[in-house]
Amino acid sequence: MGIFGSKSLVWVPENEKLKEKILEVGSWQAKESFIGWKICNDGSDLMKAVGACDSCSNFDFSYNGLGDKEATTLAAALKRNFERNRKPPGQGNWGTIVKLNLSNNHIHALGIKALCDSLLRGDPRERVCLEELILANNHAGPEGATAVGSVLSKNRVIKKVNLQWNNIGNAGINAICMALGPHSKSCKVNISFNHFDVSDPDVEWEEIPSHLSRVIGKPFSAVLVGWDDCPLTDLH
């Protein structure tokens, strides 16, 4: 029998592992991955812990079954993080969290609106620190995409947003495109794998490329990742 022969391996369920992790919030690293922990309904407890953490700047919550309830709790946690690490106007970004990966969950427009609301301040000199938001393969829909558009229009810190596979539709792509401005030239907004119908008369499709040409310049795909793969390219 080997030196470890008398010991047996014990599988620790995700929920017990999560409880232990929450208790250790003070020792979290700069990057914390919760990929596939199957957090689901225990997500609200984790998101509250996120609000108490100042040591981690990069969270990965992908593949966890998170929904609108957990996203709304996370939005409140972000606000706490930003407020606790606030700076005088014009003297630095608020907060410590710069990247959030929420891909492959079940977050709808309600949860995405809450997250977007946490990234907006009344005073433009007050800037929160989040630079990258990954929402790929969720359920943003047109309303969620419109909320993201509001962030892209007003927030000058965020640089990357991933909206792949979110069924954002015609209204969603219109909101995203028209929200972009000269400040967006260094941004990356991924709109790949969404369906757009250029025959929809409710959207002024011809205005989109002319607007993008004015504020970004060509090629649009330098900012709008996936533009070259959608039917809107015919409107150049």
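Colleague: What is the mean pLDDT of the chain, and how many of its residues reach 70 or more?

Modeller: pLDDT is the predictor's confidence in each residue, from 0 to 100. In this predicted model, the chain has a mean pLDDT of 89, and 91% of its residues reach 70 or more. Over residues 1–12, the pLDDT is below 50, and this stretch has 2 contacts (heavy atoms within 4.5 Å) beyond near neighbours in sequence. Local features need pLDDT of at least 70 and side-chain atom pairs count only at 80 or more, while totals for chains, interfaces and linings use all residues. Residues are numbered from 1 along each chain as its sequence is written, and side-chain values use heavy atoms, leaving out hydrogens and water.

Colleague: How many helices and strands does the chain have?

Modeller: Helices (H or I, at least four residues) and strands (E, at least two) are DSSP runs, numbered from the N terminus. The chain has 7 helices and 7 strands, in the order α-β-α-β-α-β-α-β-α-β-α-β-α-β.

Colleague: Which residues of helix 7 are buried, and why do they line one face?

Modeller: An α-helix has 3.6 residues a turn, so residues three or four places apart point the same way. Buried means under 20% relative accessible area, with a 1.4 Å probe and protein chains only. In helix 7 (residues 207–215), I208, P209, H211, L212 and V215 are buried. Seen down the helix axis, these residues fall within an arc of 160° (from the directions from the axis to the C-beta atoms), so they line one face. Their cover includes helix 6 (169–179) and strand 7 (224–225).

Colleague: What follows helix 7?

Modeller: Just after helix 7, G217 takes a positive phi of about 90°.

How values were computed: Buried means under 20% relative accessible area, exposed over 50%, partly exposed in between (1.4 Å probe, protein chains only).
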